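Welcome to a short tour of a single protein chain. Take a moment with the sequence and the fold, and then we can walk through them together.

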Amino acid sequence: MELPVEHGLLLDNLLDLAHAPFTHTSTFAKGWTVPSLVKFLTPASGLQGYWDPYPIDMEFQPPCMVLSTIGISKPGKLEGQSTKECATHLHQLHVCLPSSRNKTRLLYRMSLDFAPLLKHIPFMHYLWRHFAEQVLNEDLRLVIGQQERMINGANVWNWPVAYDKLGVRYRLWRDAVERGSKLLPFSKPM
């Protein structure tokens, strides 16, 4: 899909699943309760981590990929507090390729590690595509508004909170790339 947003804003949104119970109320987070506290736990260095109290693992893979695993028992219901406690999962891969100044080509794949018979149902891929587009449209409302505020001079990244940890690390990595740094933060040595 070609999207009318800067790829970094889209990546930042994808790395912040704490927005799910607020934004995705008519899709995958329908019925999720809003916790009083959300923590994103990460290793001391790295571009991955997991959400507490949600069973969601996230990882940014430079330069433009986000992987996530969400533990699911049935639509709208969470099972367990970590993906390891969950019997079934939704796996997502997002590749955000900058296509022009404020445009991104998004490549998206979603898979389930349960219900293998679903892939044999005629036209099921159309249903999944429709669902994915609904989720994306919920995100785009936020990201397009954020981009408009940036174009008008706002600094939309000036108030990070604790659960923005992965997004902040992504921005530190990206800033280092844009400056031409030889040593990139959170990069694995070769």
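In what sense do β2 and strand β3 pair, and over how many bridges? The two strands pair in the antiparallel sense, over 3 bridges, with β3 covering residues 48–52. Please keep in mind that this is a predicted model.

**The sheet**
- Phenylalanine 40 has tryptophan 51, in β3, as its bridge partner.

**The overall fold**
- The protein chain contains 4 helices and 7 strands.
- Read from the N terminus, its elements follow the pattern β-α-α-β-β-β-β-β-β-α-α.
- The radius of gyration is 17 Å, close to the 16 Å that the globule rule gives for 190 residues, so the chain is as compact as a globular protein of that length.
- Along the principal axes, the C-alpha atoms fill a box of roughly 50 × 35 × 35 Å.

**Packing and contacts**
- Of the 190 residues in the protein chain, 39% are buried.
- Taking contacts between residues at least 6 apart in sequence, 54% join residues at least 24 apart.

**Surface and charge**
- The accessible surface of the chain is about 11300 Å², and carbon and sulfur atoms account for 60% of that surface.
- There are 20 positive and 17 negative side chains, and the centres of these two sets lie 2 Å apart.

Definitions and conventions:
Residues numbered from 1 in each chain as written. Predicted model: local features only at pLDDT ≥ 70, side-chain atom pairs only at ≥ 80, totals over all residues. Heavy atoms only, no water. Rg over C-alpha atoms; globule rule 2.2 N^0.38 Å. Buried < 20%, exposed > 50% of the residue type's maximum accessible area, 1.4 Å probe, protein only. Contact = heavy atoms within 4.5 Å. Areas by Shrake-Rupley, 256 points an atom, 1.4 Å probe, with all protein chains shown as cover. Lys, Arg positive; Asp, Glu negative; His and termini not counted. Charge placed at Lys NZ, Arg CZ, Asp CG, Glu CD. Pairing = 2+ DSSP bridges.
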